[in-house]
Amino acid sequence: MSETPEGPVHPEPPETPQTDQAVTERHAEPCATRQTDLVPDPAPGSLSTELNTGLNTGLRPELRTALGTELRAGLDARLDSQLDARLDPRLDTRLDARLGPEHDAGFRADHRAAELRDYRAAFRAAQLAMAVVDQDGIVVTANDSLGTLLGTEAGALREQAAADLVDLASDGRTWHAYHEVLRGRRSRFRCTRRLKHPDGRSLWAEVTVSPVPDSRRVLLSIADVSDRRELQARLRHLQMHDPVTRLPNRALFFERLSSALEAAAQDTDSSYESHESHQSHESYGYGRTGRIGLCYLDLDGFKAVNDTLGHRVGDRLLAAVAARLTECADSDGYTRSGGHLVARLGGDEFAILVEDSTGTEQLADLARSVLCALQSPFDLGGQRLSVSASIGVVERTAHGTTATALMQAADTTLYWAKADGKARWTLFDPERNAHRMTRQALSSTLRPAVERGEFGLEYQPLVDLADGAVRGVEALVRWNHPQFGSLPPNRFIGIAEEDGSIVELGRWVLRTACRQARQWQKDHPRERPIFVSVNVAVRQVWDSDLVADVAGILAETGLAPHLLQLELTESAVMGSAGRPLQALKALSDMGVRIAIDDFGTGYSNLAYLSRLPVSVLKLDGSFVRGFQDEEHPNPADELIVEALVQLAHRLGLTVTAECVETSGQAARLRRIGCDTGQGWLYSRAVAPDRIAELIGAEPLRV
């Protein structure tokens, strides 16, 4: 059975040249005169010719028909593309020339009208609240979003003042910038306003005013940024508050402090303008005083709580302390800026800022109430803890005060409260602070001063009370400071002991004094040589090899050991053991005299006198001052001095009385049996050449 194809059998396609010719003529109808230029005939041997030949030979009729159809479709597409590329520019040019400019203008007008309709539709449907405002600031039109934002119909906003809708007239700068945009003098203006919705809620709006291109009108757009503002407020709260106590942190405290000082400065400036010759609390306005106060407190022993009970208990204690501080601040009253600011500055440090304070008494009362509130034990999950605090109080005029200066004063005062015994409050003292500042300045320059040779020695005579002859001198160091002048030892010796520079300074004093004593001996060979007494700090015994230093200096200067006396305070000598005691014994064995300075003011442990290699007792001046009132002498003072002198003599010690200022004191000391005296009655501390004049001179009889 033979196979018969489904559907009609297509006739054989016509010859290829005829097909090409038909296609060419169909596309060439609009411009038949240029037909030969548009589509050239296929060249011999071209792909078109080869395809036509292949279609007509060697294929079955049905295949030739199918391939012919596809070939014609492909050729049609190629020819359409070529014709479009060649005809479109020419046709457009000819059509424009025939239709004329009227047709083009109309077309453009229709186009602009369509665009305008689109813009209006977009304006009405926009989610952003907008209004078109004329150059007088009157709303020309508004979209529905603006009406919804303001709680009214969009049509009701027409012919209203745009500034009234979004509160642009509330401050001068905003109002001026808005009018600059209306007049075309400014390209754009943006601000944030807090608006009141008709339903009672508040919302934050970002208002933007910008000119409309090619128009005298401006576009007012309003974006509701309430959510963004709320998020910013939450982030700022987290950033500015302590997570443990929920109190303002250090950053917010200093921000509030700086703001308070700036406000006080502005109030002061306005007060000076209106009251040139008089200033009082009333000058600053109701509730304003122009002053500022600060209570800066630190918990005593809080580290022990963390170390023993853990940081979790420590954090709970800090939160409980913060609550009590807040109660104290709230009960103290309010100022024009609200309540007092309670902040945690870090660790166990808190601060209470009092703006527009009324004086130091207010801050003192607040500090006392805080100490009283913290005295009650804290119950933390069944654990009862007690804690105290040290408080530094500063209260002053805000004008001219900086945040840094105020905090430095508060920190210094807090340190004073700690040093004075803790669990107390201390008020800032300018005089005490000046002394501290001077001490700090001296401390920073003391060690270099030794290297620069800024120190010098003066000598005060030690006089035999029996015959008035000068037996020795005490070397007293002076600091010739380039800024503060000549400073006595009590201004810098304590600092030198703290920073360790006393070792180098003491070695210099010892060498200089021994060299000077040897020089006096050389200058007066026929006179009885005088000894030199040098003060030694206990740190010199611990931090240096004092025995080696003394031996080396004596060998260097040629001074005999028995002409050197070393003075140590009673508190330094009493209780000496180990290395200090060994050093004192070695020096005594060398022949150096050891004296206890200011005897009677320290431990006064008489048992040590029998064990220490001591040669001299120097009675403190407080005993001698009791002899000043010759008409009404204090018998107790005389009995004490007499007992000490007799005890020293029985132990083989000599006694020197300090601070002898009157002849009556000298007479009574002589009668008691005291050996030597030292004081202004005989001489102040003087230069070495003045001592040279006293050697071999007539005795100082008084």
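Mentor: Start with burial. Buried means under 20% relative accessible area, exposed means over 50%, and partly exposed is in between, using a 1.4 Å probe and protein chains only.

Trainee: Where does Gly347 lie, then?

Mentor: Gly347 lies in the loop between strand E9 (341–346) and strand E10 (349–355). Helices (H or I, at least four residues) and strands (E, at least two) are DSSP runs, numbered from the N terminus.

Trainee: Why does Gly347 count as partly exposed?

Mentor: Because its relative accessibility is 43%. The C-alpha atoms of Gly347 and Asp298 are separated by 8.8 Å, and the two are 49 residues apart along the chain.

Trainee: What ground rules apply to these values?

Mentor: This is a predicted model: local features need pLDDT of at least 70, side-chain atom pairs count only at pLDDT 80 or more, and totals for chains, interfaces and linings use all residues. Residues are numbered from 1 along each chain as its sequence is written, and side-chain values use heavy atoms, with hydrogens and water left out.

Trainee: What is the mean pLDDT of the chain?

Mentor: The mean is 82, and 78% of the residues reach 70 or more. pLDDT is the predictor's confidence in each residue, from 0 to 100.

Trainee: Where does pLDDT stay under 50?

Mentor: Over residues 1–43, for which the model has 38 contacts beyond four places in sequence. Residues 277–284 also stay under 50, with 15 such contacts. Contact means heavy atoms within 4.5 Å.

Trainee: How many helices and strands are there?

Mentor: The protein chain has 25 helices and 23 strands. Of its 702 residues, 41% count as buried. Among contacts with a separation of 6 or more, 62% come from residues 24 or more positions apart.

Trainee: On to pockets. How much space lies in the largest pocket?

Mentor: About 1,000 Å³. On a 1 Å grid over the protein atoms alone, a cavity is a set of points where a 1.4 Å probe fits but cannot get out; a pocket is an open set with protein on both sides within 12 Å along at least five of seven lines; lining residues have an atom within 4 Å of a point. Grid points are joined across faces, edges and corners, and a volume is the space filled by probe spheres set on the points.

Trainee: Which residues lie nearest the centre of the largest pocket?

Mentor: Glu474, Leu476, Pro489, Asn535 and Asp597, out of 35 lining residues. Elements that give two or more residues to this lining include strand E16 (470–481), helix H17 (502–523) and strand E20 (593–599). E16 gives the most, five residues.

Trainee: How do the residues of that lining divide into nonpolar, polar and charged?

Mentor: There are 17 nonpolar, eight polar and 10 charged. Ala, Val, Leu, Ile, Met, Phe, Trp, Tyr, Cys and Pro count as nonpolar; Asp, Glu, Lys and Arg as charged; the others, Gly among them, as polar.

Trainee: How much space lies in the second largest pocket?

Mentor: About 660 Å³. Of its 16 lining residues, Leu116, Tyr119, Arg120, Val132 and Val212 are the closest to the centre. Helix H5 (101–125) supplies the largest share of that lining, five residues. By class, the lining has nine nonpolar, two polar and five charged residues.

Trainee: Which residue other than glycine has a positive phi near 55°?

Mentor: Asp598. Most residues other than glycine have a negative phi. Asp598 sits in strand E20 and is partly exposed, because its relative accessible area is 25%. Glu159 also has a positive phi, about 65°. Glu159 is in the loop between helix H6 (144–150) and helix H7 (162–165). It counts as exposed because its relative accessible area is 68%.
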